Amino acid sequence: MSHNSTKTTVSRLSRYPEPKSPLQREVHAPCTSRKFPLSTNSTTQYSNSFHKVVDIGDDKNNSLYINHQKARDDALASISLLKGKEVVEVDRDSRKVVVVEDGEHEGPSVVTCQKSRESDVVAVSQIHDDSDDKVIDGDNQQHLTPPVVSELNNSNLKMLDSLCLSPECGYSSVQAYKKLIEAVDNPTRRDTFERLSYEIQINEKRLEVLDLLRPKELVEEVPQELFVPLTKEEKAEVARAFSVKRKEVLVTHEKSNIEISVDKFRCLMPGAWLNDEVINLYLELLKERERRESQKFLKCHFFNTFFYKKLISGTNGYDFKSVRRWTSQKKLGYGLHECDKIFIPIHKQVHWCLAVINNKDKKFQYLDSLKGVDTQVMKVLAKYFVDEVKDKTGKDIDVSSWEKEFVEDLPEQKNGYDCGVFMIKYTDLYSRNLGLCFSQKDMPYFRLRTAKEILRLKAV
């Protein structure tokens, strides 16, 4: 039976004449294939068997068609027959390959794809193992029960895959080249690129204008006098004062009757804690500076380091009477209620802090170089200021609405001995109505500068 089947195949193939070779022409560039109308029926029936039709191509004058035709014939010639069953039928006049599904399936199947009407892409074959195949006939779909009986070796599969030009199988190099040319030469896309480029340039110009119009952040300028370097002569003067005999008195402030001996003065050397005498003398010098240049500095009062200790020395932790005469009009020449700011040094056993009665901004402030908090200091000073104004002017004031601020945005201490220097520099800059524009690295300079100012009894 296998012999009869083979003869039938040969007899069928011999019915169709050999195709005439088309006139070959030299192709200088990729050309678009011409489309011919497809057959209305993409499937054909032969004796109760379903046939799948694959349209190979329509352009005989295209070199791609010639190569495709040759490769197809080579591939079909190598297809083997299983058990003498009839598998392939070729219709050379219509240039279609008819794959006959008949019998049982014992190997991989060939599922053909129909040529799309909207493109020039020719689909050939896909290999799959699903036995429930579908064939599209016009608008209707039918299930094929037996799959195609055919077997292709690896070389044949590669040959057929190389002929696949469908989107699922990949584009040929010619079609990819066409797509590239279309993308480059597409006027709409080119116009879009030009428009986007122009819009980008316009937006960049707008951003430049907005940057010019945007208000700049105000950066507080640091006055030059805050960081004036010491001259060689000034440094030598401070070095000599540190090296003389310990008991020798270096300077005496007559108005406050404060004497600074070498022993006391050496607290300004690196690594030492500031003592009461040096701090109190420096605060006296700040007050004298204000009087010399009243237009440049705020009107301030500077309590010495003993004031707060005296104020809280009472049995209930508050004793206004013990400090009542410290601020008499006869002694000061002004009242505390007339001051913009009142500075009170706070000593906590081994640490210096600063409290401020800010009459100018209506708030109580607490500055600690270690960012500590003490609410009791705020309560005591609020009560003191009310009692002080009442005692000196007879007026009752209400400070309940005043803000109690524990200043956080301030220079921080990074060691265990510079707290006194931080405290007097907080006082210095606040009396200038400036922000706290220094840091730990400035401490060695401030120690030398304070030593020079004390030796000359003049703060600058």
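Asp 428 and Arg 289 form a salt bridge, their closest N and O atoms being 2.9 Å apart; the term denotes a side-chain nitrogen of Lys or Arg within 4 Å of a carboxyl oxygen of Asp or Glu. This pair links distant parts of the chain, with Asp 428 in helix H12 (residues 419-431) and Arg 289 in helix H8 (residues 276-292), 139 residues apart. Helices (H or I, at least four residues) and strands (E, at least two) are DSSP runs, numbered from the N terminus. Both Asp 428 and Arg 289 are buried, where buried means under 20% relative accessible area, exposed over 50%, and partly exposed in between (1.4 Å probe, protein chains only).

The model is predicted: local features need pLDDT of at least 70 and side-chain atom pairs count only at pLDDT 80 or more, while totals for chains, interfaces and linings use all residues. Residues are numbered from 1 along each chain as its sequence is written, and side-chain values use heavy atoms, with hydrogens and water left out.

Side chains of opposite charge can pair when their charged atoms come close. In this structure the count comes to 22 salt bridges. One of them joins Lys 452 to Glu 234, with the closest N and O atoms 3.9 Å apart. Because Lys 452 lies in helix H13 (residues 443-456) and Glu 234 in helix H6 (residues 232-243), the pair ties together parts that are 218 residues apart in sequence. Lys 452 counts as buried at 13% relative accessibility, and Glu 234 counts as buried at 12%.

A further salt bridge connects Glu 405 with Lys 363, at 3.0 Å between the closest N and O atoms. Glu 405 belongs to strand E15 (residues 403-406) and Lys 363 to strand E14 (residues 363-367), so this pair ties together parts 42 residues apart in sequence. With 16% relative accessibility, Lys 363 counts as buried. Salt bridges that share partners also join Glu 225, Arg 289, Lys 296, Lys 425, Asp 428 and Arg 432 into one network.

Lys 363 is also among the residues touched by Asn 358, together with Asp 340, Lys 341, Gln 365 and Trp 402, not counting residues up to four places away in sequence; contact here means heavy atoms within 4.5 Å. Asn 358 lies in strand E13 (residues 352-358) and counts as buried at 1% relative accessibility. A polar atom of its side chain lies 3.3 Å from the backbone nitrogen of Lys 360, and the side chain of Asn 358 reaches the backbone nitrogen of Asp 361 at 2.9 Å.

Val 251 stands opposite Ile 260 in E10. E9 and E10 form a hairpin with four residues between them, and Asn 257 in the turn has a positive phi of about 60°.

The largest nonpolar core holds 46 residues, of which Phe 265, Leu 268, Leu 367 and Ile 454 touch the most other members. Such a core is a set of buried Ala, Val, Leu, Ile, Met, Phe, Trp, Tyr and Cys residues joined through side-chain atoms within 4.5 Å. The elements giving two or more residues to this core are H6, E10, H8, strand E11 (300-302), E13, H12 and H13. Its largest share, eight residues, comes from H12. A second, separate core of 29 residues includes Tyr 308, Leu 332, Tyr 366 and Trp 402.

Definitions and conventions
A polar contact is a pair of N or O atoms within 3.5 Å; within protein, one must be able to donate a hydrogen and the other to accept it, and residues adjacent in sequence count only if both atoms are side-chain atoms. Two strands pair if DSSP finds at least two bridges between them.
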